[in-house]
Amino acid sequence: MKSGLTNDQLFEGALAWFRHFGWEPRDFQRKAWKSAIAQKSGLVNAPTGSGKTYSLLVPALLCSSNREPKPGKGLRILWITPIRALSREIEQATERLLKAFLPQWRVGVRNGDTGVAERKMQQKSCPEVLISTPESLHLLLAMKGYPKFFESLDFVVVDEWHELLGSKRGVQVELALSRLRSLRPKLQTWGITATIGNLEEGQYVLHGADGFADAVLIRSKEAKPIEVHTVLPDEVETFPWGGHLGVRLLEKVLPIIEQSHTCLVFTNTRAQSEIWYQRLLEVAPDLAGRMAMHHGSVSRELRHWVEDALHEGKLKLVVCTGSLDLGVDFRPVDTVIQVGGPKGVSRFIQRAGRSGHSPGALSRIYFVPTHSLEILEGAALREAISAQAHERRVPYIRSFDVLIQYLVTLAVSEGFEPRQTMREVQGTASFESMSMEEYDQVLDFIVTGGPGLHAYDEYHKVVVKEGKYVVESRRVAMRHRLSIGTITSDQMLPVVYVGGGKIGHAEEWFVSKLKTGDVFWLAGKPLEFVRLRDMQVQVRRSTSTKGLVPSWQGGRMPLSSQLGSLLRQQLSATNALHPEIQALKPLFSVQKQRSVIPGPNQFLMEKVHTKEGWHLFLFPFEGRFVHEGMASLLAWRIGRHKNISFSIAMNDYGLELLSDQELPWEALDAWQVFDTRHLLQDIQASINDTEMAGRKFRDIARVSGLVFQGYPGKTKADKHLQSSSKLFFEVFREQAPHHVLLRQAYEEVYEFQLEQERLKSALERIQSQEKCQITLEKPSPFAFPIMVERIRERFSNESLEERVRKMVVTFQ
């Protein structure tokens, strides 16, 4: 490859590269090439499987190789991915191009799976193209001599930006880019996204205030063809009114799997994937050896084997979770099955795109509802895809725990000059509103521990030498490097065979309940618990076909606002020709007999008396988190007028207030329980926001380094971490009530758990709607699933199913 080529010659070179493989570039790829060659930065938005990777990989390689007078050494292109599985695909695509056109260049991967020897080799002689994750990028910034490591960097590409944007990992990317741009002022920064509802905001967050004005947005005009089929029960009358597993339709799923070449079955939780894998083996034992499982708690070795086997077409079926959501290209996959409501349109489209993963190819996805009302989501999803109704990803703003971690990272390596670093940080979208006072508070925190912790040397991590903030303690540096990252969860313990061999991970709270001889399922295998030794769960293979299924905390996702709105629309279109609507006619008939089906400008409220008491059901269709806040708010507002206590339950469709007293409809109207005036004050009074903030503070304490999770193989028990976090939370509440970390905990409660703005919008909508207030003799089909949610936590899966059957007999 010659250097010193003109932009036109580079573009012709890109065309030649593509045509060498028999490909013809699409319109958005041509636009991306021209913009990148013109040394622009930007964001590429295109459907899954349309060739987004090559829209930036080709010009990045061409431009970087053109800028050197001779084959150069060192890192030239940094490619950031949110998941490790995607790294393997990008590596293969890069190797294909390098082999044909730049054989002297190398590509490498730097993530949590990279061995120590390989990392040392990369430090000595870094490949020209490096594929990494946000966490590994920060580990590179924690490395002595990192400015030299990045001194030749030309391009940074952030893949699947939408996935990072709505998390603290996105803040990690913002901060890392702020330092890299300072080191390399001419650095080109690009993002790739397939599904996002707030493109311009996403672009602003990626490039910051300084780079946004000059950044370009390149959008593909092509829509990915997606075919949605809902797997329907033969008789909706006998299909569960409540539930969450979907195994009642397993017999109908088997023919879909058999007629497919390769099939992915997506579930929303790891526990659900374990259950489906187990049930599939029970009813179709011939799938043994042709079926595998993939989720975040399966061992790395097994995940890699599954990914390779998928690429090579060796597997008929993989049961998986979001671990295979993103742009991984498994060409043999021709069918995707989604078990249970995906809770969001973008997530559903992303998963559908795992099939037909090539430009212009049809993606086929089957939706398997887990209960009757969820059937309606099939019609709503089809309408959403037609309308391209993608969800907005809410960026994290002012995440001071991430900033604290980042500043200690810089102090561990080369140290940092505070005012220059502040200017860099304030150039990010996350911290553009940060004041000098807040920044100084952060600096005081990393040097002295802040108010209440001055007396403890353990929290004096950073020292100031000649105006530069540095970490001198090797112990502090080591502990910090081990703690870099923002992904927090309950303590994960490795599950291994007694004789050796890794299987996966289980959370500490689940393991603590096991007794010797108990059988549980993990990675599709029945395992007998032997003992817990050195923080490892030692097991042996079991021949039992029954056993516990681990449950991982925090696996339940709320319904998105877009999908909720579409569901409300579908309810008022009961004469539509969607097969889902037709299938639900018997259910709608029962709903009409007992209550009503709300129209587009109506809000349904039901109450019924059972032996449990008086049930008040409301149906906003706004998602579990909004309903949680709304239920607490309404209970508190009612309680101001009447001495009454409630039990609260909710699902994604509605909420329940259960009490021993009847609430007259006219009283609810008079009390104006849906009023948006004084909303924040009433929310604060109606919930225990201190308890909620305390739970949020656990993660903040881990990310900011207040608590240390332990050395490899010697991790601290989760209950000790929680008690430490609680202690710090109380110290800050008493001695530093305005501390940035304490304020952050409360802000995260209102923004992400209670979704305050969405709750306000829902209340405004309800106020404007006609209230359909129905007193029932028996619970309606709409109300029944909410009642099931209330009893779910008291029963195992098997006993819950039996309890639901009894409830159906009682209320039908």
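Asp682 counts as buried, with a relative accessibility of 7% (buried is under 20% relative accessible area, exposed over 50%, partly exposed in between, with a 1.4 Å probe and protein chains only). Its salt-bridge partner is Arg640, and the closest N and O atoms are 4.0 Å apart. A salt bridge here is a side-chain nitrogen of Lys or Arg within 4 Å of a carboxyl oxygen of Asp or Glu. The two residues link distant parts of the chain, 42 residues apart: Asp682 is in helix H26 (residues 679–686), while Arg640 is in the loop between helix H24 (624–639) and strand S23 (647–650). Helices (H or I, at least four residues) and strands (E, at least two) are DSSP runs, numbered from the N terminus. Arg640 itself is partly exposed at 48%.

## Where the model comes from

This is a predicted model, where local features need pLDDT of at least 70, side-chain atom pairs count only at pLDDT 80 or more, and totals for chains, interfaces and linings use all residues. Residues are numbered from 1 along each chain as its sequence is written, and side-chain values use heavy atoms, with hydrogens and water left out.

## Two more pairs

Glu222 and Arg26 form a salt bridge at 2.6 Å, N to O. Glu222 sits in the loop between strands S7 (216–219) and S8 (226–230) and Arg26 in the loop between helices H1 (7–20) and H2 (27–37), so the pair ties together parts 196 residues apart in sequence.

Glu24 and Arg19 also pair up, at 3.0 Å, N to O. Glu24 is partly exposed at 46%, and Arg19 is partly exposed at 42%.

## The wider picture

Across the whole structure, the search finds 38 salt bridges. Arg568, Glu622, Glu755, Arg758 and Arg765 are joined in a salt-bridge network.
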